[in-house]
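Here are a few notes to read alongside the model. Please keep the structure open as you go through them.

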Amino acid sequence: MDRFFNKSTLMALIVAVAIIVWMATGSLTTPNSSSAGAAPQSATRPDRAVGGQNERASVRVGVRHSSAQSISRVVSVSARTEPNRIVEIRGEIEGRVVSVDAERGSFVREGAPLARLDMRDRQARLAQAKAQLDQHRIQHEAALELREQNLTSEVQIAETRARLVSSEAVLEDIELEIARTIVRAPFDGVVQERDVEVGDLVRIGDRIVEFVDTDPIIVVGDVNERNIGSLSAGHAGQATLADGTYVNGTVRYVAPVANAGTRTFQIELAVPNPNLEYRAGITAELEMATDDVFGHLLSPALLTLNDTGDIGVKIVDENSRALFVEVELLRSDTQGVWVAGLPAQAEIIAIGQGFVIDGQLVDTVPAESIAEA
């Protein structure tokens, strides 16, 4: 009985080991069968040898046909608005402020008073200068009459003429000094800052008012050296202000020398501002159209980067291969982005561009059919 039990036990162990080995080596499945969880075959073709080298299987992609159109190349730079001019009006004579005629932020026409200084003794000096001028004029006229009678010399006539000219200069000086007691606007503009109040003593050189002109308003930006050659004074331009306002203007200045630190050139766009609705100090996006080029209008989603970081688009070439083409961004609008660098007629990979590499064979179908499906 023990001998039979030992023999049965040994046979069971041998059978169990054989089953385990069989399962481990995959012998439970036939060599050509597919597992239940295997994915169904796709539309891709198996790898095949081409020219002695293995080639990736083709991938089905959705394409859209695009034709190049003629558009204007646009130079776009970050900018800011600045006043047309800004001046500091300073005292030209000494005096005490007797009135202030313009408040901060007020618009003042050219020649209108901003502030007034006291006259001091200037009226008395004016009367004295006028009296001396009359006296010297009479003396000179008398000397001329005496010369006709040969009763005076040329030296005496020259002396009377010199006194007359000197008195005229004294009168002009005092009249100019009196005129300067009224501080006037040098041009149409706005009082940005006022540094005096009634009763303040103003000395020569003291700042009285900071005065700005914002018509036109100037949009200032910095253009890189690659694009500056296509821009010049008189060129039309547009700017989008921070609040979305769109304005048009004309380039009035292009810097002849680049900034040493940034290697960029300053450019100024003059924008009419008769109602003073545009303020200085606002950020803006400055755009200027240059030469006409052929470009394609694409969705920004179709742009991609290659391994070196270049921006481009994947297309299908005449050999049904995916091809990465580096492009130049021309401009953007509400419809998409305009790019240059693609062939005049291009098959753009619109669906599946992320699953193909440069040079890979592709099967193409219209992108619309995939989207509808």
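This is a predicted model: local features need pLDDT of at least 70, side-chain atom pairs count only at pLDDT 80 or more; totals for chains, interfaces and linings use all residues.

**Notes on the cores, strands and pockets**

1. Residues are numbered from 1 along each chain as its sequence is written, and side-chain values use heavy atoms, with hydrogens and water left out.

2. Leu269 also belongs to the largest nonpolar core, which has 21 residues. Such a core is a set of buried Ala, Val, Leu, Ile, Met, Phe, Trp, Tyr and Cys residues joined through side-chain atoms within 4.5 Å, where buried means under 20% relative accessible area with a 1.4 Å probe, protein chains only. Val219, Val223, Ile267, Leu269, Val271, Leu286 and Met288 touch the most other members. Strands (E, DSSP runs of at least two residues, numbered from the N terminus) that give two or more residues to this core include E4 (69–82), E13 (217–224) and E16 (264–271). The largest share, four residues, comes from E16. A second, separate core of 18 residues includes Ile93, Leu117, Val209 and Phe211.

3. Now for E13 and its partners. Six of the eight residues of E13 are buried, so this strand is largely enclosed by the rest of the structure. Strands pair if DSSP finds at least two bridges between them. E13 runs antiparallel to E16, with eight bridges joining them, and Val219 has Leu269 as its bridge partner in E16. E4 and E13 are also antiparallel, joined by four bridges; here Arg80 stands opposite Val220.

4. What lines the largest pocket, by class? Its lining has six nonpolar, four polar and six charged residues. The space in this pocket is about 380 Å³, and of its 16 lining residues, the closest to the centre are Val74, Ser76, Leu329, Leu330 and Arg331. E4, E17 and strand E21 (328–333) each give two or more residues to the lining.

5. The second largest pocket has a volume of about 230 Å³. Its lining includes Pro83, Ile86, Tyr278 and Arg279, and by class it divides into seven nonpolar, three polar and one charged. On a 1 Å grid over the protein atoms alone, a pocket is an open set of points where a 1.4 Å probe fits, with protein on both sides within 12 Å along at least five of seven lines; lining residues have an atom within 4 Å of a point.

Key
Buried means under 20% relative accessible area, exposed over 50%, partly exposed in between (1.4 Å probe, protein chains only). Grid points are joined across faces, edges and corners, and a volume is the space filled by probe spheres set on the points. Ala, Val, Leu, Ile, Met, Phe, Trp, Tyr, Cys and Pro count as nonpolar, Asp, Glu, Lys and Arg as charged, and the others, Gly among them, as polar.
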